[in-house]
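Please keep the structure in view while reading the points below.

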Amino acid sequence: MTKKLAATSENLQAVVALLQQGEVVALPTETVYGLAGNSANPAAVVRIFEAKERPSFDPLIVHLASKYRTSNGVSLKSLAEATGLIDFNKIPIQLIGPIEALLTKFWPGPLTVVLPKTDRVLDLVTSGLPSVALRMPAHPLMQSVLQASGMFLSAPSANRFGSISPTSAEAVLAELHGRIPAVLDGGNCEHGLESTILGIMNPTTLTILRPGSLTQEEIQTTTGPRCKIEGPAETIASIPPQAAGQIDSHYAPRKGMLLLPESMKPAHLPLLEKHFADAKPFGFLLFQKPDPDLNKFLHHGGHSIFLLSTNSNLREAAQNFYQTLRSMDASRCRTLVAEPPPTQEGLGLALMDRLKRAAKKKGPKFP
Ligand code: TXA
Ligand code: MG
């Protein structure tokens, strides 16, 4: 039995008590729900991997209380001293300013940075890597638990490995019911996609290891031209395979999913119906309301339409993304057919990344 706990002060205390006993609890963050455990307790960390059936080579993000940020922002030297988690001397000097500017602007928030670690971080947490991923989440409930427990919390997304990330307490239950003692209900997540993960590529370059809720444009504007920000496409081949949700098939629905090469058009339908005749009806995942022609076409074939947004609003699409994949999985459609986002700029980059991985597993290929 997994308890769904309302956000009361007694329940917050109960959550902290569970964490102190070395248990794991699902907690809301502003991106997706995380499955949290005490980073310093090997038994708790092992429980996280077990509950998710996550392979031990996939490292965890360590979450920090907002007390590690002062009113002046974030200083890496002070953060290293206060937490004992970061090896400050191994951070390339030219990157200290840009990283501090980013953390000052976006912490607490959906930004994760991968920094050289000290021996105090368990190898279990980082899967033996010499670096640790750190994030200061913004969700008030997550912050209350971090503050009250005094712990650093390791927390991957609270889903079974490779499956759809949860953006509500109900979605956590659908993934992990019976495997964890409790989920703290914080309603729907504000952003709906995971944090953006930044790593150090070389002494002058930061690289986006995983695109996410914070856009490359916002990051580059904050660091300015003094620091090069490499996008995920440019670096993906050179990063170790364990890094950053880069396993090919990930965030995936149970049903096969096909990613169209362009926005859905009436001309696609006959082609789809012919080639995937034994995989009908289709569920169409669209970024905007189809025009009347297309709408008629799709309904005529007995297919269903799932809208991420009515008008290509990418913030809205990101918020709805994982929940919509869940609804499609639960619906009567047999194959998911997704159109790409209207742009790959801004949140379009992270949405396209998730769609590609969701479509990787067993979906039919577009003829
Ligand atoms: O928004 C988020 O980041 C959510 C919430 C719960 O905070 N967490 C999340 O965790 O998405 P997870 O474990 O599902 O994804 C974290 C990714 C993993 O794919 C892992 O490979 C990468 O972060 N990662 C962790 N430590 C790393 C490291 N030292 N170097 C490179 N990548 C790392
Ligand atoms: Mg995940």
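Buried area is the accessible area, taken with a 1.4 Å probe, that two parts lose on being put together, summed over both. In this predicted model, domain 1 and domain 2 bury about 1100 Å² between them, and 53% of that area is on carbon and sulfur atoms.

**Domain layout**
- The protein chain is divided into domain 1, which covers 3-93 + 113-194, and domain 2, which covers 257-358.
- The C-alpha centres of domain 1 and domain 2 lie 32 Å apart, while 15 residues of domain 1 are in contact with 12 residues of domain 2.
- In domain 1, the residues that lose the most area to domain 2 are Ile164, His191 and Leu193, which together account for 51% of what that side buries.

**Polar and charged links between the domains**
- Between domain 1 and domain 2 there are 3 salt bridges, and 6 residue pairs, both residues at pLDDT 80 or more, are in polar contact across the interface.
- Glu175 forms a salt bridge with Arg326, in which the closest N and O atoms are 3.2 Å apart.
- The side of domain 1 that touches domain 2 is made up of 7 nonpolar, 5 polar and 3 charged residues.

**Cavities**
- The model holds 3 cavities of 30 Å³ or more, and the largest cavity has a volume of about 50 Å³.
- Glu190, His191, Ser213, Arg315, Ala318, Gln319 and Leu347 line the largest cavity, a lining that divides into 2 nonpolar, 3 polar and 2 charged residues.

Conventions: Residues are numbered from 1 along each chain as its sequence is written. Chains are lettered from A and ligands numbered from 1 in the order in which they are written. This is a predicted model: local features need pLDDT of at least 70, side-chain atom pairs count only at pLDDT 80 or more; totals for chains, interfaces and linings use all residues. Side-chain values use heavy atoms; hydrogens and water are left out. On a 1 Å grid over the protein atoms alone, a cavity is a set of points where a 1.4 Å probe fits but cannot get out, and a pocket is an open set with protein on both sides within 12 Å along at least five of seven lines; lining residues have an atom within 4 Å of a point. Grid points are joined across faces, edges and corners, and a volume is the space filled by probe spheres set on the points. Ala, Val, Leu, Ile, Met, Phe, Trp, Tyr, Cys and Pro count as nonpolar, Asp, Glu, Lys and Arg as charged, and the others, Gly among them, as polar. Domain bounds come from an automatic or database domain assignment. Contact means heavy atoms within 4.5 Å. A salt bridge is a side-chain nitrogen of Lys or Arg within 4 Å of a carboxyl oxygen of Asp or Glu. A polar contact is a pair of N or O atoms within 3.5 Å; within protein, one must be able to donate a hydrogen and the other to accept it, and residues adjacent in sequence count only if both atoms are side-chain atoms.
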